[in-house]
Amino acid sequence: MAHDTTPNSLDKQWIPFTDNRGFKAEPRLVTEASGVYLTSHRDTKVIDGSSGLFCCPAGHCHPKIIEAVHEQMKINTYTSPFGMGHPKSFLLADKVAELTPKGMNHVFFVNSGSEAVDTALKIVMAYHSAKGENRNRFVSRERAYHGVNMGGVSLSGMVNNRRTFPVTMPNVVMMRHTWTGEELNIKGQPENGKELAEDLERFAQTYGGNTIAACFVEPVAGSTGTLVPPKGYLERLREICDAHGIILVFDEVITGFGRMGTNFASDKFGVKPDIMTMAKALTNGSMPMGGVCVRDEIYDTVVDSANPGAIEFFHGYTYSGHPAACAAGVASLEIYKEEDLFSRASEMSGYFSECIHSLSDHPLVKDIRSIGMMAGVEVHAQDAPGKRGTQLQKSMFWNGLHVKFTGDSGIVAPMFISERQHIDEIIEKFRDTLNQHSN
Ligand SMILES: Cc1ncc(COP(=O)(O)O)c(C=O)c1O
């Protein structure tokens, strides 16, 4: 199983979320990346149509981030985050708080989206415990993706992500997902389906609203192929949470930092959660980092419930607020501001939407859903679910396009620095590959 250009069998690494045998027989390696383009190990040029894994809106290898991390590494490569600190993490927290909704000014740093979700679960538990409330039930949603740690898997509504892991958190109930199949090829929010939020009210009636600790949702379900919430749906979830004292958590790991053309999806939909998770674009994908941002009252309740001098929240990671990640985070948020990238995303989203929906006439395409700078192009399944999607992703790469497929949905999420010509190139290569697979 020799790698086709360098003398490395590739055998030793166990690759995540990948068909290891297939990949090692036919690898797709990226040797360099710059702006919106990748270079493959065969020296071909590949346009990045998914911003990596929806992480890099400002483009690969941004010089300002490289410089910031390099400078940081010259002066401090590590500080324990427990009982100590370094200035960059506080600076980054200030910058994050400038972007988060009003009254959500406290952020807990972690190293990934999965850690953000598990941390959010623990914050919810700590909050209710501080208030003396016994709420032990969590609500999530079918087709949800909340990462791969045990808390996130427990909240996961994607069957393959939990099939082989039978022991997960108890007391999690799933609302229905929001793709009804009634409205196809919709730009933006579907008109119908608001009533799906009533699942949460039904759980409150069935189990008692005062037993439910939190409701976790991705404002737009990303990894399952861009399921956009119907009009009024998130608003209704907010009302039900308020009525029963349930914490509403928005998992903004994909939707945060401009993907919707606003700071967060919360701003796009005008619905404020109590807790928001974030990762990916926090550092423009350049360093592993995530965060959990909470409403001020949640922070105050947990912190004030402990005796003076006592640790208030028994949680944290060795690499929480790592200096290199913080330097990358600060630089990324400055770039977003200086280059006005969220407005740019908003302006480009109309063109992107027109272009991506032009694929809907293709016989292999079943549905296209889009919002902001993100779209799910779902193709008709062939033989087994996900088979065609996997084949398309491979072919696209060698046709010069990177698009991440989950199952049979290609998730297209261009970088915010993309010009119209880049969007055109993505669409053209997407169509060419579909054509190639139609014969
Ligand atoms: C909504 C959501 N939550 C959590 C995660 C997990 O993030 P990570 O892969 O950084 O652990 C993802 C990853 O795609 C995500 O989309």
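I started at one residue pair: Asp-251 stands opposite Thr-277 in strand S10. Before going on, I noted that this is a predicted model, where local features need pLDDT of at least 70, side-chain atom pairs count only at pLDDT 80 or more, and totals for chains, interfaces and linings use all residues. I number residues from 1 along each chain as its sequence is written.

**Strand S9 and its partners**

I looked up the pairing next. S10 covers residues 275-278 and runs parallel to S9, with three bridges joining them. I take strands (E, at least two residues) and helices (H or I, at least four) as DSSP runs, numbered from the N terminus. Two strands pair if DSSP finds at least two bridges between them.

I then checked strand S8, residues 212-217. Four bridges join S8 to S9, and these two also run parallel. Val-217 has Phe-250 of S9 as its bridge partner.

S8, helix H8 (residues 233-244) and S9 form a right-handed β-α-β unit. Right-handed here means that, with the strands pointing away from the viewer, the path from the first strand over the helix to the second runs clockwise.

Is S9 buried or exposed? Five of the five residues of S9 (residues 247-251) are buried, so the strand is largely enclosed by the rest of the structure. Ile-247, Val-249 and Asp-251 point one way, while Leu-248 and Phe-250 point the other way. I call a residue buried if 20 or more other C-beta atoms, placed from the backbone, lie within 10 Å of its own.

**Ligand shell**

I counted 14 residues around the ligand, and Ser-112, Gly-113, Ser-114, Gly-147 and Val-253 come nearest. A residue is near if its C-beta atom, placed from the backbone, lies within 6 Å of the molecule. Helix H5 (residues 113-130) gives the largest share of the shell, three residues. By class I find five nonpolar, seven polar and two charged residues. Nonpolar covers Ala, Val, Leu, Ile, Met, Phe, Trp, Tyr, Cys and Pro; charged covers Asp, Glu, Lys and Arg; the others, Gly among them, are polar.

**Domains**

I see the chain divided into domain 1 (20-58 + 342-438) and domain 2 (65-338). The bounds come from an automatic or database domain assignment. Their C-alpha centres lie 26 Å apart.

I looked up the contacts too: 30 residues of domain 1 touch 29 residues of domain 2. Contact means C-beta atoms, placed from the backbone, within 7 Å. On the domain 1 side, H12 gives the most, with six residues. That side has 15 nonpolar, twelve polar and three charged residues.

Methods:
Two residues are in contact if their C-beta atoms, placed from the backbone, lie within 7 Å. A residue is buried if 20 or more other C-beta atoms lie within 10 Å of its own, exposed if 12 or fewer, and partly exposed in between; C-beta atoms are placed from the backbone.
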